[in-house]
Amino acid sequence: MKHALAGVHTERLKNRVLYIVSKQLTVASTIDRSRKKVNQSWLEVYKWLGRNPTQAMDDDAFLKAFWLLYFSHSKMVSTDFKSYQKHLFTIDFQLDQQEMGSINYADYSELTQWLESMRKAVALWYFINNPYAVDTDEDFVYMTTSAIQKSLLRLSNFPRGYGKYMLNLVLAVLMRDLPVKEDHGLSDFELQERLASIERLFFAMERHNIMCFLLQGNNSTLNVEDTFRDINFYYLRGRAHNNEYLFNVLMESRVEHFRWKEVIRHIHKGGRFKTWVGLDYFLKGIEESMGGLLEQTEPKVYLVYPEEDDYEVRSTYKDINTMQKVNRDRYSHSIGNMFLAYNRYEANPFDKIQHKVQNAVKYEYRVSKLELDLLEYPTWTKENIEARGRKMMEAFIEHWELPMIQETEMKRLLLDEV
């Protein structure tokens, strides 16, 4: 019976495989064993895809991820990747067995191999999409670390879905490298090395997405084909790529186009940092680097020196407000003028904002590190906004191992000054 969460293409593939299996030129007992393996494997697929009832996974996304993992090859181009279902049904599992390619995936030995991989892949795909749910799941038999889980959560929830295609490569890495909890056959040193290597690869993937999409604003399909070809290289076919190769590719060649002047153009093309797609992501990263813990409730972004509409409050910031409007706005929308908070803030003179932070501390309200940071400044001036922004940006650059930025570029980045 078709599972309630079965998608059209996943169920179609199951039926196609069962049909082709029935046409194999082999003994009836082998055909029967093959049918049982297919049905058992699909039950496993449906079990994991629907394991989180509040957020059932897209089974077609899993099907493409598995196809990339197992059936794609290094000579494929964009059209192949876009029409993977056509490739799956007209080449890998076409009905006319006389026209089959060199690999018959319905043959018992081939069938057993890819079904086993699919059962493993769907459990790891669930982990990718629900990285913390496996902590209490006895059916999940693989090891993990808090760093791996955090990276998976961030990669899966990257702003606007940028770099989502990287999750397919994540699956390949986990398939090949993630140890099982028991009988993994590794020494303690080898185990720690294996897990640390996965953590570094995920770091490189997130860094790639930051540089390409958040900072430089490239087209969302940048590097997608190369990444899809990496999946095949890394997991199953072609050259035996190791972690070091993939790490260097992600850290170097895929981001060699990065230029700070393009970052400045991208961030300041609209409302400067205020409308930057990476604003929340950036501030949350700074908050965590300062030791803050992000709660499930989303914090909001606030400005210290307010926007032009609050001209009366603006006038209390005398050091900034003596400039022309275009320069005042540069400071209002500079990253150093922003903070995350769970408490609600109105436009106010700086001393009143500090008083509200102090009250939040006094009454033990939830207070962010970026709120507390405001108490370190006696007044709110141009110099303090620039210095605070510089400190935040330097911390971000250091953490993500970004290319060096020149002083003139830093000034332009912070204040949109020519």
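Which residue follows helix 19 with a positive phi? That's Glu401, with phi near 50°. Quick housekeeping: this is a predicted model, so local features need pLDDT of at least 70, side-chain atom pairs count only at pLDDT 80 or more, and totals for chains, interfaces and linings use all residues. Residues are numbered from 1 along each chain as its sequence is written, and side-chain values use heavy atoms, with hydrogens and water left out.

When I say helix or strand, I mean a DSSP run, H or I with at least four residues for helices and E with at least two for strands, numbered from the N terminus.

OK, staying with helix 19. It runs over residues 382-399, and its 18 residues reach 26 Å from the first C-alpha to the last, close to the 26 Å expected at 1.5 Å a residue. The expected span there is 1.5 Å times one less than the number of residues. Buried residues in helix 19 include Arg388, Arg390, Met392, Met393 and Phe396. For me, buried is under 20% relative accessible area, exposed is over 50%, and partly exposed is in between, with a 1.4 Å probe and protein chains only.

Arg388 brings us to the salt bridges. I count one when a side-chain nitrogen of Lys or Arg sits within 4 Å of a carboxyl oxygen of Asp or Glu, and the structure holds 26 of them. Arg388 pairs with Asp373, and their closest N and O atoms are 2.7 Å apart. This pair links distant parts of the chain, with Asp373 in helix 18 (residues 369-373) and Arg388 in helix 19, 15 residues apart. Both Asp373 and Arg388 are buried.

What about burial? Glu308 is partly exposed, with a relative accessible area of 28%. Arg314 is buried, at 1%, and Arg328 counts as buried at 14%.

Leaving aside residues up to four places away in sequence, His333 touches Gly271, Arg272, Phe273, Lys274, Leu303, Glu307 and Met338. A contact here means heavy atoms within 4.5 Å.

Now some helix packing. In general, two packed helices are described by the angle between their axes and the distance between the axes. My axes are lines fitted to C-alpha atoms, for helices over the stretch in contact, and angles run from 0 to 180 degrees between N-to-C directions. For helix 8 (residues 166-177) and helix 9 (residues 188-215), the axes come within 11 Å and cross at roughly 175°. That makes helix 8 roughly antiparallel to helix 9, a label that applies to angles over 145 degrees. Among the residues making the contact are Leu169, Val173 and Leu174 of helix 8 and Ile198, Leu201 and Phe202 of helix 9. By class, the contact has nine nonpolar, two polar and three charged residues. Nonpolar is Ala, Val, Leu, Ile, Met, Phe, Trp, Tyr, Cys and Pro; charged is Asp, Glu, Lys and Arg; the others, Gly among them, are polar.

Helices 8 and 9 also turn up in the cover over the buried residues of helix 7, along with helix 6 and helix 13 (279-289). Those buried residues of helix 7 (residues 146-156) are Ile148, Gln149, Ser151, Leu152, Arg154, Leu155 and Ser156.

Last stop, helix 3. Nine of its twelve residues are buried, so helix 3 is largely enclosed by the rest of the structure. Phe62, Phe66, Trp67 and Tyr70 are among the buried ones, and so is Asp59.

That's my tour.

Definitions and conventions: Parallel < 35°, antiparallel > 145°, perpendicular 65-115°, else oblique.
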